[in-house]
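Please keep the sequence and the model in view while reading.

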Amino acid sequence: MTVRTRFAPSPTGYLHVGGARTALFSWLYAKKTSGQFILRIEDTDRERSTDESVKAIFDGMEWLGLSHDEGPFFQTDRIPRYLEIIQQLLDQGDAYHCYCSAEEVEAVREEQRANKQKPRYSGKCRHRTDSVDGVSPVVRFKNPEQGQVVFDDLVRGEISISNEELDDLIIARSDGTPTYNLTVVVDDLDMNMSHIIRGDDHINNTPRQINIMKALGAEQPKFAHVPMILGDDGARLSKRHGAVSVMQYRDDGYLPEALLNYLVRLGWSHGDKELFSREEMIELFDISDVNKTASAFNTEKLQWINQQYIMSADPASLVEPLTFQLNALGCDVFNGPDVLELVKTQQERAKTLKEMAEKSLLFYNDYDEFDEKAAKKNLKAVAVEPLNIMLGKFQQLPEWSKEALHQVIIETAETLDVKLGKVAQPLRVSLTGTSVSPSLDATLFLMGRETCLRNIQRGIDFINNKISAQEG
């Protein structure tokens, strides 16, 4: 049997991390078994489905690198097929027209709730043969009234539901449009799905869908219902927990490989191993090893994983995503340092690419004023001499290289017979306006000769002005 899995989101919003993890599990299982991964867009809810959401799903899947083997298929393109199956069920006697109004149905349910019964459709029209003039009926599936639906969930084990717990669900609305539980069954059967991997919020739908499959004489696929993702406070993950859109994580400076690595570990593990390459995920993942309990999303852990990926990445691979971040901050990357050199300088200093870009702003935007504490501590009268010496040496350098720049700083400290910090910190504050920056040779190199000479003179002038003010 060829394994065929699918990811079938509804385009009613962005691709969130819960959906991304479901897609990842389905994608990994298909890849591990040399099967096929299908992308399907369940867009029959026309009021809530948007083209913007479709694009967000495609963008998220592409960014994560979860390529599909077939699709994308759109349910709105398959309406005639659904109507054909609805008619088949009607003809077989496995479905019927229901003329009950929404108010009638709700009144019965209110009475059932008052009697502490499970609210469900009463079956009033189940055996009805006449029609009601002027009323457009819905179509209900005639669910078996006896027996049980039993299936072996690959995550949760055997699940058994009594048919008495299931009512006759609507499979076509009064305007003739098919509903979710009908369309998903038809799609999964027509597309020969072997494994349905989805969130455990669908468990209540599964026995209903299995009964429809049985009515159509089809063999049911295997099911795996994965637990939901919770916030770190134990509540269901939502916008208030921070970024939940996949593309928001890109905007926040995370690498797709890091997000995938983090998501695969939400509910699945392989010993104590924390970091997995994509190839290792495919090799080691098995859906039956997924935990039954929900997992909590921990942003700090994601940041740690992202930092590991940044530090170990080929610097050239980070140029494009860092350029994206720099552009988002308004930096003119064409009139600044080589982005590859920026990556090499900042790679060990940032948990996210957004943070790396923010720490690189000093190479694109000159500071407005000196940090008060940094200037008070480092821009003193004693710093004028080393700054003047270095300014002269930098002006005369034939080559603006890290090695040559570093040598100037060393030679200045040796000439004045002072510790390196007495030379380095006044230089750093003059260059950047603060006491924090990458290594001085890298900072000088990335800023370029013109900016560095101007800022060193700025530091000297600041000290001299302060001395003049004190003397006056």
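A pocket is found on a 1 Å grid over the protein atoms alone, as an open set of points where a 1.4 Å probe fits, with protein on both sides within 12 Å along at least five of seven lines; lining residues have an atom within 4 Å of a point. Grid points are joined across faces, edges and corners, and a volume is the space filled by probe spheres set on the points. The model is predicted, so that local features need pLDDT of at least 70 and side-chain atom pairs count only at pLDDT 80 or more, while totals for chains, interfaces and linings use all residues. Residues are numbered from 1 along each chain as its sequence is written, and side-chain values use heavy atoms, with hydrogens and water left out.

The largest pocket has a volume of about 900 Å³. Its lining comprises 33 residues, of which His16, Gly18, Gly19, Asp201 and His202 are the closest to its centre. Helices (H or I, at least four residues) and strands (E, at least two) are DSSP runs, numbered from the N terminus. Two or more lining residues come from each of strand 1, helix 1, helix 5 (180-190) and strand 9 (195-199); helix 1 gives the largest share, five residues. By class, 16 of the lining residues are nonpolar, ten polar and seven charged. Here Ala, Val, Leu, Ile, Met, Phe, Trp, Tyr, Cys and Pro count as nonpolar, Asp, Glu, Lys and Arg as charged, and the others, Gly among them, as polar.

The second largest pocket holds about 310 Å³ of space. Among its 15 lining residues, Val382, Gly421, Lys422, Val423 and Pro426 lie nearest the centre. Helix 14 (372-378), helix 15 (384-396) and helix 17 (420-432) each give two or more residues to this lining, and the largest share, five residues, belongs to helix 17.

Two strands pair if DSSP finds at least two bridges between them. Four bridges link strand 1 to strand 2, where Phe7 has Leu39 as its bridge partner. Strand 2 (residues 36-41) is joined to strand 3 by three bridges, and Ile41 is partnered with Phe74.

In a regular strand the side chains alternate between the two faces of the sheet. On strand 1, Arg4 and Arg6 point one way and Thr5 and Phe7 the other way, and all are buried (under 20% relative accessible area, with a 1.4 Å probe and protein chains only).

Elsewhere, strand 6 (residues 148-153) and strand 7 (residues 157-162) run antiparallel, joined by six bridges, and a hairpin of three residues connects them. Ten of the eleven residues of helix 6 (residues 205-215) are buried, so helix 6 is largely enclosed by the rest of the structure. Just after helix 6, Gly217 has a positive phi of about 70°.

Key. Buried < 20%, exposed > 50% of the residue type's maximum accessible area, 1.4 Å probe, protein only.
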